[in-house]
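Biologist: I'm new to this one. Could you show me how to read it, feature by feature?

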Amino acid sequence: MRYSRALLPTVKEAPADATTTSHILLLRAGYVRRVGAGIYSFLPLGVRVLRKIEAIVREEMNKAGAEEVLLPALLPAEYFQETNRWTLFGDTLMRLKDRKGGDYHLGPTHEEIITDLARRELHSYRDLPKNLYQVQTKFRDEPRPRAGLLRCREFLMKDAYSFDVSEEAAKVSYEAMRIAYRNIFDRCGFEYRMVGADSGAMGGSTSAEFQVLVHSGEDIIAACTSCEYAANAEVAASTPSEPRGPEASSVGSVEKIETPKQKTIEDVSKFLKRDPADFLKSLLYVAGSEVVMAVVRGNHELNEIKLARVLGVDEVFLASPEDIRKATGAAVGFAGPVGFKGKLIVDRDAASVSDAVTGANETDFHLLHAQYGRDFEGQVADIRMVSEGDPCPSCSKELKLYRGIEAGHIFILGTHYSSQMGATYLDEKQEKKPLVMGCYGIGVSRLVAAAIEQHNDKDGICWPMSIAPYQVHIVQLGLEPEVAAAVDELEHKLETAGLEVLVDDREQRPGGKFKDADLIGIPLRVTIGARSLQNGGVELKLRTEKDPKKAELVPTEQAAERVMALVKELLNSRTPTQGIQ
C-alpha cells in the first residue's frame, strides 16, 4: 500500500478527553475516530489490526474444536425475559421497540440465544459435546464510557459456549479453552496472567480471567511471588491477620468520646493519635430490600463482591445518607456496630481487634474499647480486599498487587441457563437432563487497545509483528529515479513473498516521515534514499530499537532476503525483539 493513496490521518495532538495511552495513540496515529460517547469508527489501519487479532482467535478456536456461528445482534425481549435478565441488566441494556410496539434489545451477550439454539438442535447425549463461537458486535449502555476502546458502548467480542453431558465433561471443554486462550494471548505478544475471577451477571463457576499486565489497568490482580496463585482482587482470598491489641480480658468497658467533625478514619486516627488498624470501619449497604452494616479494619478496604456473596445477592449498593441516618441515627461518618439493630457482617480481621475505635451511631461521637463478642455480635466472614504483602492463601508467601486489563474470561456456567430455558438432552438411559454449559469470551476490539497499552514508548506504538497493520514500513526519501526504482523493486519482492508493506512515498521532509513511522508503530522500518544507496544499500531499523546508531545497512540486492528473515524472526518471537541480532 502506498501512503499517498491510503487514509492515514495522523495528528500531533489528541482531543483533551483522551487520557489513556491507547486512546491517545489510536486517535493520533489514525487508527480510530470517535463518533459518539463510547462509539468509534475503525479506519484502515485499525481494521487491519482488528482482522489480525480476529484471525488468531479464529485459528485457535477452530484448532480447539469449536465451530463458528453468527447470532443476531438485534434480539426480541422474550429470551432475556425468560431468564429475568431483561430486568437484571437494568439500564445497561440497549432497549428499543419495533413499529408494532414489540420490545427488542441489542445483544450485550448471547447466553439466552445460544441456549435457545441448543434446546432446538441438541437432543441426545450422542449430539454432545459441542462448542459454538462467534465474533459479533455487542452493545452495552455503559454509564461512563471511557478510555477509548477499553470501555465502549459498542465493541467486538468473541464469545463461545460449550455444551456437555456433565460437570466433569464440561471441565474437559473448559481445559481446551484454557489452552486455546493461552495460545491466543501468546501469539498476540501479550504479557499476561491467568487469574481466578468472579463470573458476575453471567452466573457460573470455575472462573478465570486473562489479565494483560499494564500500569494503567483498571483491575487489580493479586499474585504470589513464589507460587502460581493469582486472582482478581475482587475475589482473592485474604489470609486472617494476627489478632490486634491487648488480651481481650484486660480491655476496659466501652467509652464514648466526642470527635467533632472528624468523619473519616484518617481524621479520627490523627485526632485520637491511634493507628488506623485499631479502628473499625462501618459501611452501610443496601442488599435487596434491607440495609446491612459491613465492618472491616480501618486500614483495610471492603470487597463488595465478597459481601454480596455472603449476603446471597447479586450486587450491593452503598446506602444513601438518608438511609444511613435512618439506620444509625447519625450522619455519615459516625456509624458503628455497637448497638446497631440490623444485619451485621464483620470481617475476620475486624473481629480480632480487641481494643477498637468505632463510630458511636451518634453524630460527632466515637467509641473507645469496642470488642467483638462482648459489645456487638454479627456474622464473621472474609469481606475485605487483599493488600500488598498479605500472605498467599496457597503457600503463605507474599502477595504482590498488579494492575491489568481484562482481555478474556472463561468459566463453567453449569445448568444456570439450560435449566431455566428447558435445554435438555436424553442420556443413555433415556432420562432427560439439563445441558451443562461453559462460556468463554474475548474482547477483540479491546485487545487492540490493550496491545498499545503494553507496547508503546514516548514516540508512539510498538506493535508485535503478529498483529501489526503492516509488517514492513518502507520510508522513501526523495524522488530520484534510482530511489524510486529501489523502492519499487523491494516492495515487489516483499509483496510477492507474501509480506505486508506500507510505502511512505509522500513528498515530505524526512523528519516528518520518521515521526509518523514511529507513531504508527510498524515493527520494521526500511529507509531508502539517495544517501543510503550511495553508502551501499538500504537501512533497516526495528521500531523497538532506541539507538539510531544501531540501524543496519544492508546491500540493496540482499535487502529483501534480510527483511524476510527479520519478519520471520519477529513472528516466531513472543514479544518484539529489542534489537537486530
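Modeller: Let's start with a pair of strands: β5 and strand β6 (residues 103–106) pair in the antiparallel sense over four bridges. Two strands count as paired if DSSP finds at least two bridges between them. Strands (E, at least two residues) and helices (H or I, at least four) are DSSP runs, numbered from the N terminus. As for the model, it is predicted, so local features need pLDDT of at least 70 and side-chain atom pairs count only at pLDDT 80 or more, while totals for chains, interfaces and linings use all residues. Residues are numbered from 1 along each chain as its sequence is written, and side-chain values use heavy atoms, with hydrogens and water left out.

Biologist: Which residue stands opposite Arg95 in β6?

Modeller: That's His105.

Biologist: What is the strand order in the open sheet of three strands?

Modeller: The order is β4-β6-β5, with antiparallel pairing. β4 (74–76) and β5 (94–97) are the edge strands with a single partner each, so one side of each has no neighbour in the sheet. On average, neighbouring strands of this sheet are turned by 35° against each other, direction ignored. For that angle, axes are lines fitted to C-alpha atoms, for helices over the stretch in contact, and angles run from 0 to 180 degrees between N-to-C directions.

Biologist: And how do I picture side chains on a strand?

Modeller: In a regular strand they alternate between the two faces of the sheet.

Biologist: How many residues of strand β7 (residues 130–139) are buried?

Modeller: Buried means under 20% relative accessible area, exposed over 50%, and partly exposed in between (1.4 Å probe, protein chains only). Eight of the ten residues of β7 are buried, so the strand is largely enclosed by the rest of the structure.

Biologist: Which strands does β7 pair with?

Modeller: Strand β3 (residues 67–68) runs parallel to β7, joined by two bridges, and there Glu68 stands opposite Tyr133. β7 also pairs with strand β8 (residues 154–164), antiparallel and over ten bridges. In that pairing, Lys130 stands opposite Phe163.

Biologist: Where is Pro129 found?

Modeller: Pro129 sits in the loop between α5 (111–121) and β7.

Biologist: Is Ser396 buried or exposed?

Modeller: Ser396 counts as exposed, at 57% relative accessibility.

Biologist: Now a helix: which residues are buried in α1 (residues 21–28)?

Modeller: Ser22, His23, Leu25, Leu26 and Leu27 are buried there. Their cover includes β1 (32–36), β2 (39–42), α12 (444–454) and α14 (510–520), where contact means heavy atoms within 4.5 Å. After α1 comes Gly30, with a positive phi near 75°.

Biologist: Could we zoom out? How many helices and strands does the protein have?

Modeller: The protein has 16 helices and 31 strands. Buried residues make up 51% of its 581 residues, and the C-alpha trace spans about 95 × 70 × 50 Å along its principal axes.
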